[in-house]
Amino acid sequence: MALTLYNTQTRKKQPFEPLDELSVGMYVCGPTVYDLAHIGNARPIVVFDVLYRLLRSIYGADCVKYVRNITDVDDKINAAAKESGEPISAITARTTEAFHADIAELNALPPDVEPRATDHIAEMVEIIEALIASEHAYEKDGHVLFHVPSDPGYGKLSHRDRDEMVAGARVEVAPYKRDPADFVLWKPSAEDLPGWDSKWGRGRPGWHIECSAMSRKHLGVTVDIHGGGADLIFPHHENEVAQSECSCPGHDFVRHWVHNGFLSVNGEKMSKSLGNFITIRQALEGAPGEVLRLMMLSTHYRKPLDWTDDGVEQARTRLDRLYRILAKADGLSEARQVAKSLDGDKFSNAILDDLNTPLALSELERRADDLSKMSAQELQQSLPGFLANADLLGILQKEPEAWFKGGEAESDVGQIEAQIALRLAARKAKDFAAADNIRDALAENGIILEDRPDGSTDWRRAG
RNA sequence: GGCCGGGUGGCAGAGUGGCUCAUGCGGAGGACUGCAAAUCCUUUUAUGCCGGUUCGAUUCCGGCCCCGGCCUCCA
């Protein structure tokens, strides 16, 4: 079975066929680094990480190039700097670092290239100049604008026509626009704001041009996959298409548009004003990154995902169960070394069918049941494939021991074991009240005891 | 208003023109345990509404209702 992906532009599931199987390109819109990333930002990170892992599995790790940008010039960054007084460079550096740390916890592989907008001003200017030369763009009052009516294909991604957009526009039309739908490629910058000298005066890029420039620079004029959140379809991606294709006629900008659905929190849109804004960092305080990741993957990527505490707890319980089964398996680390490719099983078919991670996950869980009933020999056979599938989803990446006991300091472990020994002695003496006291005290500190049939006692951290 | 997505059991969430409609979480009962925890066994419940097509629709078509998103801040 071959990979099929839903293409936003055609509104259909389509076989994914890269232009060149030896060089598969994927561009995903990365964060604007003005504040900590939130769990809504985390969804595309996780979704496209799965797609990246899948593409690497199909075409080979060396034949896939994943580019995810960092937007480090933006009005929101300027506003944040003005408000806090912190220099822009400090904000972007600090936020970028935090972003990397946060998504690493989600088991997201780093992209092959992570370009920064400010390193690509020359490439942006080049595209803008080409657009002016071909009369798709014009300069007015220090602004350079893309003239939407000059692009007959405009709207083909988001399936809107210009008149509808203009009619629905909530924003006052700026006087320098020839057409209400025109959008900014370059705008003047005051002395106290980031700016670059250009033939149109000192200025900075508009919102959309960076992705056109960085995509072309690192992946060529046509990219196989361009992804991001569904809210980016319009205007961001529509405008990218216009800029890119009008500045390089005869070439499609993107072969396959992939967009993930929106994330809500307790049924409501996440927003600062509603007070339900959850950063990845906050979410990580309540649950390991792998739990958050599983939560993300337990709903199909194109569907809305509602973030709830209950959902997080369910994801945790599911993961606990899988790790428990792994904990009982011998030869885990050896099995992890065995390379496995997609082999036409139910799991592979599910993930190849437009990234049906919920279905793939259910198959993984069903097979985990099988594993728990296998002989050592059968396990040796089946474990590598199971783990390879888990790798594709980016889960079960820890050792079971670390999963259940990680995060405890050495001295605490000694303490716990001492308490367990005391309790064992009490139980032997049939002093169950004392034994239960010890267990309760540990439980209050988040340590759960499990008595084994052989008389020993194991422990784990509670969620 | 325009465009897009969604409405499945107590919850999360897939698939499917008909066979007992996955998987997980939870609930119930049982086994195990001093009691728990974990595990194992058993078990409970669903396709928003109204029509149409069909021998038969949750699945296809039409209409309606409801929810969410986008319409140049937004993953």
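**Close-ups of a predicted model**

**View 1. Strand 7 meets strand 6.** Strand 6 (residues 143-146) and strand 7 (residues 183-188) are joined by 3 bridges and run antiparallel. Keep in mind that this is a predicted model. To find your place in the pairing, look for Val 144, which stands opposite Trp 186 in strand 7.

**View 2. Strand 7 meets strand 8.** Strand 7 also pairs with strand 8 (residues 203-205), again through 3 bridges and again antiparallel. Here a handy landmark is Lys 187, whose bridge partner in strand 8 is Arg 204.

**View 3. Helix 16 packs with helix 17.** Now we move on to a pair of helices. Helix 17 covers residues 432-444, and its axis lies 7 Å from that of helix 16, at an angle of about 160 degrees. Because angles over 145 degrees count this way, helix 16 is roughly antiparallel to helix 17. Their crossing is left-handed. On the helix 16 side, the contact includes Ile 416, Leu 422 and Ala 426, while helix 17 brings in Phe 432, Ile 438 and Leu 442, among others. Sort the residues of this contact by type and you get 8 nonpolar, 1 polar and 3 charged.

**View 4. A look around Val 413.** Val 413 sits in helix 16, which spans residues 410-428. Is this residue buried, exposed or partly exposed? With 21% relative accessibility, Val 413 counts as partly exposed, since the cut-off for buried is under 20%. Leaving aside residues up to four places away in sequence, Val 413 touches Glu 408 and Trp 459. Val 413 and Trp 459 are 46 residues apart in sequence, and their C-alpha atoms are 9.8 Å apart in space.

Definitions and conventions: Residues are numbered from 1 along each chain as its sequence is written. Chains are lettered from A and ligands numbered from 1 in the order in which they are written. This is a predicted model: local features need pLDDT of at least 70, side-chain atom pairs count only at pLDDT 80 or more; totals for chains, interfaces and linings use all residues. Side-chain values use heavy atoms; hydrogens and water are left out. Helices (H or I, at least four residues) and strands (E, at least two) are DSSP runs, numbered from the N terminus. Buried means under 20% relative accessible area, exposed over 50%, partly exposed in between (1.4 Å probe, protein chains only). Contact means heavy atoms within 4.5 Å. Axes are lines fitted to C-alpha atoms, for helices over the stretch in contact, and angles run from 0 to 180 degrees between N-to-C directions. Angles under 35 degrees count as roughly parallel, over 145 as roughly antiparallel, 65 to 115 as roughly perpendicular and the rest as oblique. A crossing is left-handed if the near helix is turned anticlockwise from the far one by less than a right angle, and right-handed if clockwise. Ala, Val, Leu, Ile, Met, Phe, Trp, Tyr, Cys and Pro count as nonpolar, Asp, Glu, Lys and Arg as charged, and the others, Gly among them, as polar. Two strands pair if DSSP finds at least two bridges between them.
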